[in-house]
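My entries follow in the order of looking.

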Amino acid sequence: MALGFVRPARPEDADEIARIQLATWRTAYRGMVPAHVLAELTEADLAAGWTEAITAAPTPQHRVLVAMEQNETASWLVGFTASGPADEQALAPEEPPLAEGVAAVTELLVEPRWGRRGHGSRLLAASVDTWRTDGFSAAVAWAYDGDQATRKFLGGAGWEPDGAARALDVEDMLVPQLRLHVALG
């Protein structure tokens with residue numbers, strides 16, 4: 001019987017987080033992001049960023065959590081989430097800063113082959129627990145307009161569009177995003 005749980009990321013998780021991020025992005029964002037951009041990403045570059053996020057977070061409220069699946073003899077890292085206080089990256093163009101007490105999800109991914117096993121829900125629930133502990137009253141997350149899986153997943157957990165939108169300029173291709181939010185009350 002397989003079990004799942006969430007724990008804080010450790011520096012030794014960075015390579016696996018990077019592998020999952022790259023594999024998931026190349027699957028989920030195919031057709032939304034130029035193929036050559038996805039092809040040029042490397043696990044080594046992503047891992048360096050995750051090592052820094054885990055070991056040198058800008059504040060104690062910036063966290064990387066990992067989803068694990070285990071059976072009687074082994075465990076596997078199958079997904080992760082990163083979040084922290086909402087900053088300029090959480091804003092739409094020309095939007096004023098968000099109110100104090102808003103957390104921002106910067107990434108929430110479960111490797112596709114481990115999907116539909118509750119890992120995303122566990123990651124989200126663990127994140128909500130840490131946000132509440134840190135005194136956050138709301139959270140926001142950006143989703144690609146064409147990423148129906150993320151929008152459906154967050155929508156099923158009570159997240160709704162808040163009216164903010166932006167388009168990322170990826171190699172001269174505009175990739176529209178919309179922002180979702182949820183109150184943590």
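**Terms and source.** I call a residue buried under 20% relative accessible area, exposed over 50%, and partly exposed in between, with a 1.4 Å probe and protein chains only. The model is predicted, so I note that local features need pLDDT of at least 70 and side-chain atom pairs count only at pLDDT 80 or more, while totals for chains, interfaces and linings use all residues. Residues are numbered from 1 along each chain as its sequence is written, and side-chain values use heavy atoms, with hydrogens and water left out.

**Salt bridges.** I counted a salt bridge where a side-chain nitrogen of Lys or Arg is within 4 Å of a carboxyl oxygen of Asp or Glu. How many salt bridges does the structure hold? I found seven.

I looked at R151 and D145 to begin with. Their closest N and O atoms are 3.3 Å apart. D145 is partly exposed, at a relative accessible area of 35%, and R151 is also partly exposed, at 25%.

Next I took D13 and R7, whose side chains meet in a salt bridge of 2.7 Å, N to O. Are D13 and R7 buried or exposed? Both are buried.

I then checked D162 and R179, which form a salt bridge with the closest N and O atoms 2.7 Å apart. D162 lies in strand β6 (residues 160-170) and R179 in strand β7 (residues 173-183), so this pair ties together parts that are 17 residues apart in sequence. Helices (H or I, at least four residues) and strands (E, at least two) are DSSP runs here, numbered from the N terminus. D162 counts as partly exposed at 29% relative accessibility, whereas R179 counts as buried at 4%. I also noted a network in which salt bridges that share partners join E16, R19 and E111.

**Strands.** I took two strands as paired if DSSP finds at least two bridges between them. β6 and β7 pair in the antiparallel sense over eight bridges. In β7, L174 is the bridge partner of D169. The two strands, β6 and β7, form a hairpin with two residues between them, and E171 in the turn has a positive phi of about 55°. β7 also pairs with strand β5 (residues 138-144), in the antiparallel sense, over seven bridges. I found Y144 opposite Q177 in β7.

**Cores.** A nonpolar core is a set of buried Ala, Val, Leu, Ile, Met, Phe, Trp, Tyr and Cys residues joined through side-chain atoms within 4.5 Å. The largest has 26 residues, of which I17, Y29, V33, W50, V64, V66 and F80 touch the most other members. I traced its sources: α1 (14-28), α2 (35-40), α3 (43-55), β2 (63-70) and β3 (75-85) each supply at least two residues. α1 gives the most to this core, with six residues. A second, separate core has 16 residues, including V105, L108, W131 and L154.

I listed the contacts of V66, where contact means heavy atoms within 4.5 Å. Leaving out residues up to four places away in sequence, V66 touches F5, V6, R7, P8, A9, D13, I17, L77, G79, F80 and L123.

**Helix α3.** Which residues of α3 are buried? They are L46, A47, W50 and I54. Seen down the axis of α3, these fall within an arc of 100°, so they line one face of the helix; the arc is that of the directions from the helix axis to the C-beta atoms. On the other side of α3, A44, D45 and E52 are exposed. Among what covers the buried residues of α3 I noted α1, β2, β3 and β4 (102-110).

The expected span of a helix is 1.5 Å times one less than its number of residues. The 13 residues of α3 should span 18 Å at 1.5 Å a residue, and the end C-alpha atoms are 18 Å apart, which agrees.

**Single residues.** Q61 is found in the loop between α3 and β2. Q61 is partly exposed, with a relative accessible area of 26%. Not counting residues up to four places away in sequence, Q61 touches S83, G84, P85, D134 and F136.

My last entry is D129, placed in helix α4 (residues 119-133). D129 counts as partly exposed at 47% relative accessibility. The C-alpha atoms of D129 and L184 are separated by 9.4 Å, at 55 residues apart along the chain.
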